[in-house]
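Look at the structure first, then read on.

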Amino acid sequence: YKVTVKLKFAWCSEFLVLTHNRHVVFHEMSAARSGLLLALAAITLCSSLRGSWRVSAAVMSIDFGSEWLKVALVKPGIPMEIVLNKESQRKTAAVVAMRRDERTFGAAALSTGVKYPKSAYWYLQYIIGQRYDSPIVQLYRGWFPYYDIVKDEDRGTVLFQHDSETVFSPEELVGMLFNDSRQAAEDYAGQSIRDVVITVPAFFGQAQRRAVKQAAGLVGLNVLQLMSDNAAVALNYGLFRQKSFNSTPQYVLFYDMGSGSTVVTIVEYKLVQEKNSTLVVPQLTVKGTGFDRTLGGLAMDLRLRDHLAKAFASQRKTQGSVYDSPRAMAKLLKEAKRVKQVLSANTEHHAQIEGLLEDVDFSLKVTRLEFEELCSDLLERLAAPFHKALKAADMTIDEIDSVILFGAGTRVPSAQGRLQKLLKNIELGKNINTDESAALGAVYQGAGHTKLFKVKKFNVKEGTVYPVHVSFDKESDGNSTKKTIRRTLFQRSNPYPSKKVLTFNRYANDFSFSVFYGGLDFLSDEEKKMLGRPNISEVYLAGVGEVLREHSEGEPRGIKAHFQMDESGILSLDSVESIFEYPPEAEEESTLSKISSTISSFFGSSKTEEGAESKEDVGVAKSTKDDVMDSDNATANEEEAPSHHGGGDDENARDSGASEQQEQEAKDEKGKEEEETIALKPPMAEGETARKDEEGGERESERVGDSQSKMDDGMKKDDSSSSSQQASEKDGEEEGTEEERTAESGRGK
């Protein structure tokens with residue numbers, strides 16, 4: 001039997017959790033700021049009750065984009081509906097503004113951001129969960145130079161210096177956005193809502209995903225799942241096309257060029273049979289993903305903003321520089337967004353701003369051709385994510401059945417033209433709601449997480465974007481040199497949720513191992529820097545030597561670490577176990593068994609010994625087989641792992657055989673059965689009785705012995721010559737018939 005002992009371990013994540021003590025910042029603001037105090041109340045409630053809530057009767061989803069938030073709701077009577085905000089809009093700007101005693105969201109926050117850019121925070125998706133020295137943070141500071149970004153010395157991440165006394169982390173600001181979305185959903189549903197599914201970019205790493213989940217937890221939201229936005233769109237697309245799916249896979253390429261990034265996803269649709277069931281359900285599997293973190297609508301907006309600023313500076317109508325005025329740059333960015341949208345349907349348009357700087361108005365004609373020239377290098381980057389996705393899926397363009405475009409960036413005519421050339425003869429599909437498909441797919445997934453809604457099952461299998469490896473040091477035999485061993489825990493495009501077990505051998509003391517991103521050759525040097533530090537966690541195991549001493553009589557079978565990547569794509573270490581194998585404990589021989597054994601030894605000791613020996617051989621063979629299998633398993637998990645062979649198996653087999661012998665002899669003593677014949681090693685020795693009568697009939701025993709002797713003679717004749725084989729077989733049949741008659745006569749007596 002095996003004994004499993006739980007070991008203590010410390011999972012030291014690269015991303016440190018934001019402690020609740022930091023939220024004392026809310027107390028430092030005046031009591032009139034009721035909105036912030038409500039956030040404090042939500043945080044306090046979250047810290048005391050989180051984890052004990054039950055699933056509510058309504059579920060919401062938040063499509064967390066870099067520029068916009070979309071919210072969907074499902075409740076009894078409201079199936080999959082987009083929630084309207086206070087302005088009756090179906091999407092809300094992802095901006096939170098704080099000015100004096102007022103906190104605003106959406107359109108009101110955008111207006112505040114134009115007048116007071118430093119007081120409005122947006123495009124938070126770029127920097128949430130990022131370290132201060134990340135290239136993404138440096139780009140963010142270049143885009144918005146008016147933000148005062150400082151380093152969080154405790155965590156190494158970023159903080160916004162709001163004023164001389166107040167700082168905000170990206171998690172707090174994103175939590176405020178989530179809380180506003182929740183309030184809009186509650187007003188629409190007429191009830192409180194806690195359960196939510198949040199969409200995030202597919203390229204988010206462990207730190208970013210944990211940061212988003214923490215931001216939702218700060219305001220009391222129960223995150224059912226973090227779902228990649230590309231998978232949410234693919235789910236919404238497949239829900240309305242289930243009738244076209246069959247057992248033959250269909251491959252659809254989704255090209256998403258949003259405001260902040262570009263993601264290309266190849267999805268497989270097919271019908272699969274559920275395990276242990278005859279039910280057949282549709283399933284989507286993400287086969288490959290390619291992305292560009294900074295290629296999106298914002299990059300085009302910034303190019304056009306800089307073009308307008310350069311044109312205004314060339315007029316030299318002001319004493320100050322337009323680049324030094326945060327308000328002027330914010331006005332130019334707002335106008336650039338408007339002009340870009342108009343140029344999608346028109347070949348030219350005028351950019352006009354009243355009182356841009358020092359009460360000087362600005363007007364400039366912009367053509368579509370000029371805009372495309374400004375973004376020519378950006379348009380050339382459209383092909384890279386496409387090729388990366390094909391390579392990740394190990395497919396060619398000819399295997400793609402259809403292509404679906406979504407995202408605001410794909411509305412640019414020049415972008416569509418480039419994509420059409422890239423995809424050759426495949427028609428670009430535009431029959432999906434660009435703004436709402438991700439939110440609707442996520443809320444359907446959320447409804448499936450609860451038992452309150454009956455939804456048709458649609459399996460979703462997302463894939464890991466970055467491979468996850470494990471490394472540890474192993475001491476070589478006979479010397480103190482260490483060898484570093486690396487193992488692949490999750491490969492690229494590995495479907496999740498999934499669990500993995502890693503076995504460690506040859507460890508007699510406490511040790512540690514590292515979990516990190518590995519095999520990142522498919523990323524450029526710049527993308528590797530944007531991903532951040534490759535280290536995910538350092539795991540320290542304690543109590544290894546103590547457990548070995550406590551179970552010194554057992555055979556060590558290794559230390560097993562159980563990893564899990566959940567539906568949110570977050571990696572965790574569930575448990576660590578040390579396995580020991582023990583031989584079965586021998587049962588104490590009773591007084592009746594001893595007496596029975598003594599009596600039976602006078603009649604059939606040789607047979608009993610032969611039976612025990614036979615059973616002993618079987619036990620050893622089985623034990624050896626099990627040990628070899630365990631040794632192979634250990635070798636697969638760790639190089640040069642020793643094979644283990646238990647030394648207590650022989651004794652175990654003997655005890656088992658003796659126990660069976662005693663039980664059988666006890667039955668004979670009580671007279672439960674009249675006769676019993678045990679033949680373990682044929683042929684039997686000549687003269688040995690094959691059957692015993694409990695009444696002690698000597699004549700019947702002799703006749704049975706003679707019958708057995710004749711059988712032995714027949715077998716000897718069979719071995720002597722082939723010419724007498726048939727005659728021997730006939731004699732054997734006759735002797736067998738005589739033996740049967742003898743046995744019947746014995747029963748009659």
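A strand here is a DSSP run of E with at least two residues, and strands are numbered from the N terminus. The model is predicted. Residue I404 lies in strand β20, which covers residues 402-406.

**The sheet**

Strand β20 belongs to an open sheet of 7 strands. Their order is β21-β20-β15-β16-β17-β22-β25, and the pairing is mixed. The edge strands, β21 and β25, each pair on one side only. Strands of a sheet pair through backbone hydrogen bonds, either parallel or antiparallel. For β20 and β21 the sense is parallel, over 2 bridges. In that pair, I404 stands opposite G429.

**I404**

Is I404 buried or exposed? The cut-off for buried is under 20% relative accessible area. I404 has 2%, so it counts as buried. Its contacts beyond four places in sequence include Y237, F254 and I432. The C-alpha atoms of I404 and K430 are separated by 6.1 Å, though the two residues are 26 apart along the chain.

**The helix**

Helix α6 spans residues 229-239. It lies across five strands of the sheet: β15, β16, β17, β20 and β22. The helix runs at about 45° to β16. D229 is part of α6. This residue is buried yet has no salt bridge. The nearest side chain of opposite charge, R209, is 7.9 Å away. D229 touches several residues beyond four places in sequence, among them T199, P201 and A438.

| Strand | Residues |
|---|---|
| β15 | 250-257 |
| β16 | 262-273 |
| β17 | 280-292 |
| β22 | 459-463 |

Methods: Residues are numbered from 1 along each chain as its sequence is written. This is a predicted model: local features need pLDDT of at least 70, side-chain atom pairs count only at pLDDT 80 or more; totals for chains, interfaces and linings use all residues. Side-chain values use heavy atoms; hydrogens and water are left out. Helices (H or I, at least four residues) and strands (E, at least two) are DSSP runs, numbered from the N terminus. Buried means under 20% relative accessible area, exposed over 50%, partly exposed in between (1.4 Å probe, protein chains only). Lys and Arg count as positive and Asp and Glu as negative; His and the chain ends are not counted. A salt bridge is a side-chain nitrogen of Lys or Arg within 4 Å of a carboxyl oxygen of Asp or Glu. Contact means heavy atoms within 4.5 Å. Two strands pair if DSSP finds at least two bridges between them. Axes are lines fitted to C-alpha atoms, for helices over the stretch in contact, and angles run from 0 to 180 degrees between N-to-C directions.
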